[in-house]
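Look at the model below and follow the text through it. We start at a ligand, then turn to a pair of helices, then visit another ligand.

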Amino acid sequence: MGLRGSFPSSSSSWVAIILVLNVVVMCNGGKTSTFVRKVEKTVDMPLDSDVFQIPPGYNAPQQVHITQGDHFGKAVIVSWVTVDEPGSSTVIYWSENSKEKKHAEGKIHTYKFYNYTSGFIHHATIINLKFNTKYQYVVGIGHTPRQFWFITPPEVGPDVPYTFGLIGDLGQSFDSNKTLTHYELNPQKGKTVLFVGDLSYADNYPNHDNVRWDTWGRFVERSVAYQPWIWTAGNHELDFAPEIGETKPFKPYTHRYHVPYKASKSTAPFWYSIKRASAYIIVLSSYSAYGKYTPQYTWLEEELPKVNRAETPWLIVLTHSPWYNSYNYHYMEGETMRVMFEAWFVKYKVDVVFAGHVHAYERSERVSNIAYNVVNGICTPVRDQSAPVYITIGDGGNLEGLATKMTEPQPEYSAYREASFGHATFDIKNRTHAYYSWHRNHDGYAVEADSMWFFNRYWSPVDDSTNSQS
Ligand SMILES: *[C@@H]1O[C@H](CO)[C@@H](O)[C@H](O)[C@H]1NC(C)=O
Ligand SMILES: *[C@@H]1O[C@H](CO)[C@@H](O)[C@H](O)[C@H]1NC(C)=O
Ligand SMILES: *[C@@H]1O[C@H](CO)[C@@H](O)[C@H](O)[C@H]1NC(C)=O
Ligand SMILES: [Fe+2]
């Protein structure tokens with residue numbers, strides 16, 4: 001911003017100059033929270049922690065997890081690991097109102113990573129489920145059966161309320177356990193987690209000790225066996241380690257976590273889309289090529305025009321590396337993808353982009369930075385009501401600790417930032433309104449440290465800025 005007008009020549013102009021000075025203060029970005037978390041080291045839970053306990057019984061299924069299994073919510077992928085022998089790959093399931101038991105057959109995969117050999121990883125897709133129905137399911141048939149349940153989403157439609165949880169960069173520290181507990185006990189009750197990448201942080205251990213992928217799977221089972229987590233790949237999923245002969249990126253991640261990418265005509269599990277209730281969710285990969293002509297670029301170019309806002313009003317994008325980030329960590333890492341895709345997000349009026357990677361919390365105003373063309377010098381983000389809100393939610397609590405250093409002054413695009421661990425919920429009410437709130441781990445379960453009413457960009461594109469404009 002610049003100082004507008006000329007210098008005052010009369011006393012009434014002093015009022016004007018004071019107003020201008022006020023604007024200067026307001027222009028200094030949005031709010032940087034005054035909450036300062038107690039400085040303490042983030043440490044991983046030891047291997048013998050309660051959350052990592054191996055379920056008792058011969059060949060008992062462990063690390064049970066589910067995710068959406070098709071494009072619109074009538075299928076579920078059930079995954080689990082057995083360790084003593086392959087065992088049965090059958091899922092038995094029944095809806096609470098029918099009791100007629102059905103079967104789905106899965107497939108077994110194993111992989112090796114340096115000197116680690118995985119257990120028997122099962123993936124079974126249950127199809128033709130009824131919407132909005134509670135199902136019980138059992139895995140471990142023939143040895144040690146274990147029973148879980150899930151609830152399918154309502155049929156896709158424009159005014160279907162639905163609550164998503166948001167978690168990123170979780171890891172398996174004591175703080176990770178707090179984040180998950182706070183999510184579980186949040187009275188807003190998320191029904192599906194949108195996970196923005198960086199799952200286990202096994203790669204922080206010697207030789208990427210894949211035992212830590214197993215412990216992570218057991219840790220999060222208490223949530224992800226009962227509600228789908230929608231996966232995004234982060235840099236900690238790469239497990240690229242040529243020094244120990246591991247040169248195929250994403251090997252542990254792709255063996256353990258399946259996603260329904262083929263249902264959205266994607267050719268790789270790192271970028272895909274799903275519809276769920278009134279939301280259309282596009283998952284992108286910061287660590288797969290996205291330059292022009294690449295598979296991800298081509299897919300997204302064809303994908304965005306397919307989104308029918310009359311059917312799914314809410315257009316949500318998940319990616320790992322944030323485009324708008326005012327912390328001194330991973331600064332500008334999201335820039336190359338922003339350059340490729342931001343104009344499309346504005347054109348197609350994406351409601352919100354969730355990212356992780358930076359281990360802290362930040363929410364932007366609706367801004368865009370798409371005018372720059374190398375020679376015109378127009379390279380400052382501007383307020384843009386067709387642009388998404390960008391939210392960094394990489395504050396799950398992994399062992400790397402918090403990102404605390406911020407760029408100063410707070411950029412104008414940044415509405416709220418705070419270096420604390422936490423999670424968020426995105427609570428869609430109808431086609432025009434969604435209530436978003438962020439919860440830090442140091443408060444009671446119902447406390448909202450940051451919140452915002454989202455007005456849908458297609459149905460109600462009114463100005464929903466939370467800080468006044470300069
Ligand atoms: C893998 O190798 C490391 C050292 O290179 C060793 O400490 C570890 O015990 C080995 N693990 C297995 C499963 O052999
Ligand atoms: C993790 O959190 C759960 C639920 O709050 C608790 O029961 C458990 O003891 C915690 N475990 C660790 C190692 O902190
Ligand atoms: C949509 O939800 C908001 C918030 O709950 C409410 O104020 C509004 O009246 C709803 N709109 C319709 C058409 O029901
Ligand atoms: Fe990351």
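A polar side-chain atom of N115 sits 2.3 Å from an oxygen atom of ligand 1. The residues around ligand 1 are Y114, N115 and N207, where near means a heavy atom within 4 Å. The protein covers 29% of the 360 Å² of accessible area that ligand 1 has on its own; areas come from the Shrake-Rupley method with a 1.4 Å probe.

This is a predicted model: local features need pLDDT of at least 70, side-chain atom pairs need 80 or more, and totals for chains, interfaces and linings use all residues. Residues are numbered from 1 along each chain as its sequence is written, chains are lettered from A and ligands numbered from 1 in written order, and side-chain values use heavy atoms, without hydrogens and water.

Now the helices. How do α5 and α6 pack? Helix α5 (residues 295–303) and helix α6 (residues 335–347) pack at about 10°, with axes 11 Å apart. So α5 is roughly parallel to α6, a label for angles under 35 degrees. In α5, Q296, Y297, L300 and E301 meet M337, M340, F341, W344 and F345 of α6, with contact meaning heavy atoms within 4.5 Å. The residues of this contact divide into 7 nonpolar, 1 polar and 1 charged.

K429, N430, T432, H433 and W453 surround ligand 3. An N or O atom in the side chain of N430 is 2.3 Å from an oxygen of ligand 3.

Conventions
Polar contact = N/O pair within 3.5 Å; in protein donor to acceptor, adjacent residues only side chain to side chain. Axes fitted to C-alpha atoms, helices over the stretch in contact; angles between N-to-C directions. Helix = DSSP H or I, 4+ residues; strand = E, 2+ residues; numbered from the N terminus. Parallel < 35°, antiparallel > 145°, perpendicular 65-115°, else oblique. Nonpolar A, V, L, I, M, F, W, Y, C, P; charged D, E, K, R; others polar.
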